[in-house]
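Hi,

Here is the structure I promised to pass on.

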Amino acid sequence: MTARALVPAVVVLACALPLVASDYRLFQLTMVLVYAIALLGLNILTGFNGQISLGHGAFYAIGAYTAAIAMEHAGLPYWATIPLAGLVCGVAGFLFGLPALRLEGLYLALATFALALAMPQLLKYKHFEEWTGGVQGLVLLKPDAPFGLPLSADQWLYFFTLAIALVLFAIAWNLLRGRIGRAIVAIRDHPIAAQAMGIDTSLFKSLTFGVSALFTGVAGALGAIAVQFVAPDSFTIFLSIIFLVGSVIGGVASIQGALWGAFFIQFVPNLADQISKAAPWAIYGLAMIAFVYLMPTGVAGGITLLRTRLATPRRDRAEAQLRRRST
Amino acid sequence: MNAGIASLAGVVMLSLAAGAAWAQKKYDPGATDTTIKIGQTMPYSGPASAYGTIGRAEAAYFAMINDQGGINGRKIEFISIDDGYSPPKAVEGARRLVEQDQVLFLFGPLGTPSNTAIQKYMNAKKVPQLFVATGASKWNDPKRFPWTMGWQPNYHTEGMIYAQHILKTKPDAKIGILYQNDDFGKDYVSGVREALGDKAGSMIVSEVSYEVTDPTVDSQVVSLQASGADVFINVTTPKFAAQAIRKAYDIGWKPVQYLTNVSVGVASVMQPAGPEKGIGIISSAYLMEPTDPGWYDTQAMKDWRAWMQKYYPEGNIEDNTNVYGYTVAQTVVQVLRQAGDDLTRENIMKQAASLKDFVPTTIIPGIKINTSPTDYAPIESVQLTRFDGKSWVRFGDVMGDVSK
């Protein structure tokens, strides 16, 4: 049974969930999907292209505010804000990627970190206040199900988010397994060799940054609609760091890893809070260490490893492991 | 046909009888004969986690109430969950509490952004969002948000009280205001302006703001001095408050100074500024300070310390936020006592909006909690204090909102 064969089963399961889950659970699952899209964007950049970003919370914020401002001030319907947020963030990411190209590894991480640090304060900036609502933020209306569908607002938003998530995951999958995907990975593995093979590394890196920001921006817009509120305090530096945590825990160079990471960042803080009110972050930290220790290649990597263990006899394992390393 | 009518009448009578029997006890989700379930979101982690002690103190207070037999025989089940000071997490938390845990109401969620994020939801669901832990003035808006109520004196009121004091003691004052450019600063300035009324234009000679991101407020203080102001209202958060006090002293500016109650920390503001530079500054208080020797031997503070030792021994005995938690919890217990056996959300809100001269033990004597269907601001009075180089000394009478 390959991972691909599981996809339809997972999709059917996801579609059936609203039949059994309460509105509150659906809201949580909607947030899982939102985070999964954001992490997918980060995985494309960090996992596949090897550029470390500590600033994806900033693109998430731009997406969220684009949606909020478009709904609040321009009167756009919620669904129309999704492509708009993607476009704005894609362009912003591409432009940010251009100068950032000169920065490698840790230096890029610091540049993106600076962006994430600055974002909440930019959103409070008094000349933008008319649009952003300043520290007060903007309160949004929750969309009801259209065409008189017999769905609650939460059910509808879940399906809406699920549909967008499926489309974006399919796009990412198609993008990464083809020529472009190979070029993106080649730049990560050996930039000089990639250039020698005729890959325009600077263009590809900027484009990857743009695509990554686009995904995260769409997630931000969906998140804003689900939460019905945006404020600078929703997008602090913690958000960016938590995205990176989710990405690494889920499996950084993996598409399904984004989903696992999203489950982690949505549910582990709640779990930590239930275990201890005195030190929820200590519990959170322990969970992180446990995951990294037990599954050093992320949950996605851990699952692959487990499957090969179960499926292949001992003597084939070394060979399989070798094969995996070479891909 | 007749039989039909007869049976229908029977059903009606039965249900009427049942209604009469149950008239004494009415419950919404979260209330039973033995328990009252209350929810809360609180930043136990994240950038504002220092405030988490409020939630723990409130839980400790309810533990004491339960040990004493509860309220009208019902135990309080208090579910306080972490929101990390993140509005999306607060929305998730509020939804969990209302939809999953089925609490009767939310009590004391902390933070202006988090409460703004859940306000619409709580009001749409008609679940009380009671005694929110923030000083913004927008919680007193019963027309638009009848299910949301504040508790502490808001910044607007505090600004009015200082302006009132200026009018009384120095009617020809030339006022300079330094304020933080956000809802906190703006609420405050609007309060000062409202209390000054027509005189605001002539009395306020300078109003300068700063951003939380600014490194210092030195240039703002210099420009305030240059405006010729002889009264300085300092609406700043602790770091900037210390800077402003020091700078004013160093450049030889000697106005009458008013300092927001947000920044009265002796260790966090007055010491860094230089205690001798802050002598004479006026501020305000509404709760008993655990470190104030004037309160130390009162029965209220003795009880408070005994309670801290028994129910919250890991808490800081010098931290006045633990007095805050203790006092606001007394207020909600009063609301529940008043509600009696009618534990519907509507009645909780009705009782919260009909507190009459309620006096929690640890509030400064003379301050009373009063609310009405059109007044959702429970505490509206403070007592002025003056810094003597070591601690804040109370003076004068308790001062209330002049708008009443």
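Predicted model: local features only at pLDDT ≥ 70, side-chain atom pairs only at ≥ 80, totals over all residues.

Chain A has 15 helices and two strands. Its C-alpha trace spans about 65 × 50 × 45 Å along the principal axes. The radius of gyration of chain A is 20 Å, which agrees with the value near 20 Å that a compact globule of 327 residues would have. Of those 327 residues, 47% count as buried. Among the contacts in chain A with a separation of 6 or more, 76% join residues 24 or more positions apart.

The axes of α2(A) and α7(A) (residues 153-177) come within 9 Å and cross at roughly 20 degrees. Angles under 35 degrees count as roughly parallel, so α2(A) is roughly parallel to α7(A). Their crossing is left-handed. Residues making this contact include A:Leu33, A:Ile37 and A:Leu40 of α2(A) and A:Leu162, A:Ala165 and A:Phe169 of α7(A). By type, the residues of the contact divide into 18 nonpolar, three polar and two charged.

Now to the partner chain. The contact between the chains takes 28 residues from chain A and 26 residues from chain B. On the chain A side, α2 (23-48), α5 (105-124), α10 (201-227), α12 (256-275) and α13 (280-294) each supply at least two residues. The largest share, five residues, comes from α2(A). The residues of this side of chain A divide into twelve nonpolar, ten polar and six charged.

Best wishes

Note on methods: Residues numbered from 1 in each chain as written. Chains lettered and ligands numbered in written order. Contact = placed C-beta atoms within 7 Å. Helix = DSSP H or I, 4+ residues; strand = E, 2+ residues; numbered from the N terminus. Nonpolar A, V, L, I, M, F, W, Y, C, P; charged D, E, K, R; others polar. Axes fitted to C-alpha atoms, helices over the stretch in contact; angles between N-to-C directions. Parallel < 35°, antiparallel > 145°, perpendicular 65-115°, else oblique. Left-handed = near helix turned anticlockwise from the far one by under 90°. Rg over C-alpha atoms; globule rule 2.2 N^0.38 Å. Buried ≥ 20, exposed ≤ 12 C-beta atoms within 10 Å, placed from the backbone.
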